[in-house]
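These are my notebook entries on a single protein chain.

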Amino acid sequence: MGLILPISKCSTLSTKRLGARRFKITSSWNPGFNHCSVGDRAVAELRNRWMEFQGIKNWEGLLDPLDDDLRKEILRYGKFVEAAYRCFDFDMSSPAYATCLYPKSSMLTNCGLDKTGYKVVKNLYATCVVQMPRWTKKTFPNLASPRCSWIGYVAICDDAKEITRLGRRDVVIAYRGTATSSEWLENLRATLTCLPDDMTTSNENYNQPMVQSGLLSLYTTNTQCDQSLQDTIREEIGKILEKYSDEALSITITGHSLGAALATLTACDITTKFSNAPIVSVVSFGGPRVGNKSFRCQLEKSGTNILRIVNSDDPVTKVPGFVIHDDIDDVAERGTTHVASTRMPSWLQKCMEDTQWVYAEVGKELRLSSKGHIATCHDLKTYLHLVTLMKNVQL
């Protein structure tokens, strides 16, 4: 079951097959309406090209130079990630530490996003398996870390004018980055582990998809009191798809650092679980590597669109593990750097992969540079500032 947009009399239509889902890409631009204002034309441009900005064509021709409308969309989604940070209670002495500071009804308003046209419909929590050793609680009481922490939210565009401007109803899933001690420990569990069966697609052409152990644990762990992040996502997306089944819809998952990795894993889960899912896109900032080459193949086959915004000076984007390529053309196509080796013997590659430390870059990369400012190179504010400066700049 695909996503079909309304087609006007003056529309042009093309169709693209992505995995098991089919999307119809429409354009209702009419050159006869020359009397439209610049603002009206800008709105029409976004409304008619939104699928391109969501990666339906893998952002072909939009990144070098960076399309100005796409740049604005990247910054818009970055603001939702900023809100996830602002809503988080970082005060370790507070009884509400690691929870959300605001109720859903006022969350975006308190973060200055009250005019976005979105409303928060679900809070998201992640559960850590790894806990700080007991002795640290007495010696370093400030390192005490709750097992379950608020990590983001789901928001839906419900403003008629904004839906018209965007060309569809947009669903945003936004994640913050690492904040608690337990989450840092989960980050250190960097060996690859197999995706569970309900997150994989059966395909004999590639090996078992594998992802970072700590990341998968954060996504799938539940307790007697706490639902897993995965179950919450599936439950909420199921409700949304049922409620808005007759509308043009998009799901955009965005995050920074750990949140960027969770965004990729969430997209994989949604496209695998829901055969009727609309276009699913990831806009990530400063994310670490997530999985192996088979994981990347599954993402590509399912039609998941991933745009990774990467700062060349940010070490987080170069970990965990290492990347190997047996195809130089593949390296050139992805613009991938930090490659351990190319065209190595197959037996050697197999031995390296067996170490469970061989990762693969996913999606399309938009590379930035903070020009050696190491102290702030991983900050979300740095990323958004660099994207802002890219207006009319050739990459």
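**Entry 1: the loop around Asp67**

I located Asp67 in the loop between helix H1 (38-53) and helix H2. The model is predicted, with local features requiring pLDDT of at least 70 and side-chain atom pairs pLDDT 80 or more, while totals for chains, interfaces and linings use all residues. Residues are numbered from 1 along each chain as its sequence is written, and side-chain values use heavy atoms, with hydrogens and water left out. Helices (H or I, at least four residues) and strands (E, at least two) are DSSP runs, numbered from the N terminus.

Is Asp67 buried or exposed? I noted a relative accessibility of 17%, so Asp67 counts as buried. The classes are buried under 20% relative accessible area, exposed over 50% and partly exposed in between, with a 1.4 Å probe and protein chains only.

A polar atom of the Asp67 side chain lies 2.9 Å from the backbone nitrogen of Asp69. Leaving aside residues up to four places away in sequence, Asp67 touches Arg49, Phe53 and Leu62; contact means heavy atoms within 4.5 Å.

I then checked the backbone in this loop. Pro65 also belongs to the loop between H1 and H2, and a cis peptide bond joins Asp64 to Pro65, with omega about 0°. Asn58 is in the loop between H1 and H2 as well. Asn58 has a positive phi of about 60° although it is not a glycine, and its relative accessibility of 33% makes it partly exposed.

**Entry 2: backbone features elsewhere**

I found a cis peptide bond between Val319 and Pro320, with omega about -5°. Pro320 sits in the loop between S10 and strand S11 (322-325). Ala98, in the loop between H2 and helix H3 (107-110), has a positive phi near 70°. At 2% relative accessibility, Ala98 is buried.

**Entry 3: H7 and H8**

I next examined how H7 packs. Two packed helices are described by the angle between their axes and the distance between the axes. Helix H7 (residues 213-220) and helix H8 (residues 229-243) pack at about 55°, their axes being 5 Å apart. H7 is therefore oblique to H8. Axes are lines fitted to C-alpha atoms, for helices over the stretch in contact, and angles run from 0 to 180 degrees between N-to-C directions. Angles under 35 degrees are roughly parallel, over 145 roughly antiparallel, 65 to 115 roughly perpendicular and the rest oblique.

Which residues make the contact? H7 contributes Leu218, Tyr219 and Thr220, and H8 contributes Leu229, Gln230 and Ile233.

Seven of the eight residues of H7 are buried, among them Leu216 and Leu218. At the start of H7, a side-chain oxygen of Gln212 comes within 2.9 Å of the backbone nitrogen of Gly214.

**Entry 4: the nonpolar cores**

A nonpolar core is a set of buried Ala, Val, Leu, Ile, Met, Phe, Trp, Tyr and Cys residues joined through side-chain atoms within 4.5 Å. The largest has 46 residues, and Ile74, Tyr153, Phe285, Ile309 and Leu366 have the most contacts inside it. Helix H2 (residues 68-87) gives the most to this core, nine residues. A second, separate core of 43 residues includes Tyr175, Val211, Leu216 and Leu265.

I followed Phe285, whose contacts beyond four places in sequence include Ile74, Val81, His256, Ile309 and Leu384.

Phe295 lies in helix H10 and is buried, with a relative accessible area of 0%. Phe295 and Val362 are 67 residues apart in sequence and 8.6 Å apart in space, C-alpha to C-alpha. Beyond four places in sequence, Phe295 touches residues including Val211, Leu265 and Val362.

I found Thr304 in the loop between helix H10 (293-302) and strand S10 (305-311); Thr304 is buried, at 9% relative accessible area. Its side chain makes polar contacts with the side chains of Thr271 (3.3 Å) and Ser302 (2.8 Å). A polar contact is a pair of N or O atoms within 3.5 Å; within protein, one must be able to donate a hydrogen and the other to accept it, and residues adjacent in sequence count only if both atoms are side-chain atoms.
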